[in-house]
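Student: I am new to this structure and would like a friendly walk through it. Could we look at it together, one question at a time?

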Amino acid sequence: MIRNFTGIEQLSKAAAAYIIHTVASAVELKGFAAIVLSGGSTPRLTYETLSKPETAGKQLWQKCHIFWGDERWVPANHPESNFAMADRAMLAKIRIPARNIHRIKTEYHSPEKAAIEYEKHLKNFFRAPKPAQKTRSAPERTMPLFDLVLLGMGSDGHTASLFPGTPLLPDKKKWVAAVPAGIGNPPAARITLTPALLNQAKNSLFLIGGSEKRKILAEILSHPEKTKKKYPAAWIKPAGKLIWLVAEK
Ligand code: 6PG
């Protein structure tokens, strides 16, 4: 599904409403929600919208677990950190327990080690029984299921830190991987979730701004298989709903 908006303000309001609705439904159904935040700049206004008084104090944040789709290999308080952007825009202002914030740690000795540790963390989280879970204990899942994955797309069709030509796209085994420095903008090394994991989502929401990206989206939608060769975003085919929110500017 595609929803078009004239500006990023309208897109961000719609995205915030969708996030609240999805988290509330998941908490109601199973006692908790697990969502993945995107980095970059487009989502900032969405996060700021969620930090407004009418949503910041909602009880649902107590049971919402927040993960990241990717992170730059910089300290957590660095201006280029995806965690730092979300923390400033939202996390520091909403009623969410620190234990619910699962940032990709960049204090390890290498991005490769950080990727291994984040994958372990995700496996522990999704395997540990959830005391608050209302439904009978879910059967052991080999792959987790996020309630919501937020994604952006670069003007080269990258998403998360999956850049054109990366061997990670068809990888079915890895959940999290390191990306060498010098590829993205900023050119820091990165840690990224793989399509195999990002696609384990009941709801996936792309936040896209600008006409050049709209052209890429149109190409992806009209030739999904062919564009997989060019655009990593074409590899996002989630288990559940895929929604593109697109702003003219
Ligand atoms: C990152 C992001 C990246 C981002 C796109 C789009 O770490 O850079 O995760 O995938 O979503 O580059 O960024 P904008 O939304 O700022 O255009």
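Student: Which residues of α4 are buried?
Tutor: Helices (H or I, at least four residues) and strands (E, at least two) are DSSP runs, numbered from the N terminus. Buried means under 20% relative accessible area, exposed over 50%, and partly exposed in between, with a 1.4 Å probe and protein chains only. Helix α4 spans residues 82–89 and is mostly covered, with 6 of its 8 residues buried. Those buried residues are N82, F83, A84, M85, A86 and A89.

Student: Before we go on, what kind of model is this?
Tutor: Residues are numbered from 1 along each chain as its sequence is written, and side-chain values use heavy atoms, with hydrogens and water left out. Local features need pLDDT of at least 70, side-chain atom pairs count only at pLDDT 80 or more, and totals for chains, interfaces and linings use all residues, since this is a predicted model.

Student: What covers the buried residues of α4?
Tutor: Contact means heavy atoms within 4.5 Å. The cover includes β2, α2 (44–50), β3 and β4 (70–72).

Student: Which residue caps the N-terminal end of α4?
Tutor: A polar contact is a pair of N or O atoms within 3.5 Å; within protein, one must be able to donate a hydrogen and the other to accept it, and residues adjacent in sequence count only if both atoms are side-chain atoms. Here a side-chain oxygen lies 3.1 Å from the backbone nitrogen of F83. The residue that supplies this side-chain oxygen is S81.

Student: How far from an oxygen atom of the ligand does a polar side-chain atom of H158 lie?
Tutor: A residue is near a molecule if one of its heavy atoms lies within 4 Å of it. Of the 16 residues around the ligand, S41, T42, H158, A160 and K213 come nearest. D70 has a polar side-chain atom 2.8 Å from a ligand oxygen, and for N82 the separation is 3.0 Å. For H158, it is 2.7 Å.

Student: What is the phi of A160?
Tutor: A160 is in the loop between β5 (148–151) and β6, and it counts as buried because its relative accessible area is 11%. Most residues other than glycine have a negative phi. A160 is not a glycine, yet its phi is positive, at about 50°.

Student: Why is the pair of F32 and F125 edge-to-face?
Tutor: Rings of Phe, Tyr and Trp (its six-membered ring) pair if their centres lie within 6.5 Å; planes under 30 degrees apart count as stacked, over 60 as edge-to-face and the rest as tilted. By this rule there are 8 aromatic pairs. The centres of the F32 and F125 rings are 6.0 Å apart, and the pair is edge-to-face because the planes stand at 75°.

Student: How many residues apart in sequence are the parts that this pair ties together?
Tutor: F32 lies in the loop between α1 (8–30) and β2 (33–37), and F125 lies in helix α5. F32 is buried because its relative accessibility is 9%, and F125 is buried as well, at 9%. The pair therefore ties together parts that are 93 residues apart.

Student: What about F67 and F126: which elements hold them?
Tutor: Their pair is stacked, 6.0 Å centre to centre with 25° between the planes. F67 is buried because its relative accessible area is 0%, whereas F126 is partly exposed at 22%. The pair links distant parts of the chain, 59 residues apart: F67 in strand β3 (residues 64–68) and F126 in helix α5.

Student: Which residues have the most contacts inside the largest nonpolar core?
Tutor: A nonpolar core is a set of buried Ala, Val, Leu, Ile, Met, Phe, Trp, Tyr and Cys residues joined through side-chain atoms within 4.5 Å. The largest one has 79 residues, and α1 gives the most to it, with 10 residues. Those with the most contacts inside the core are L37, I66, F146 and L205.
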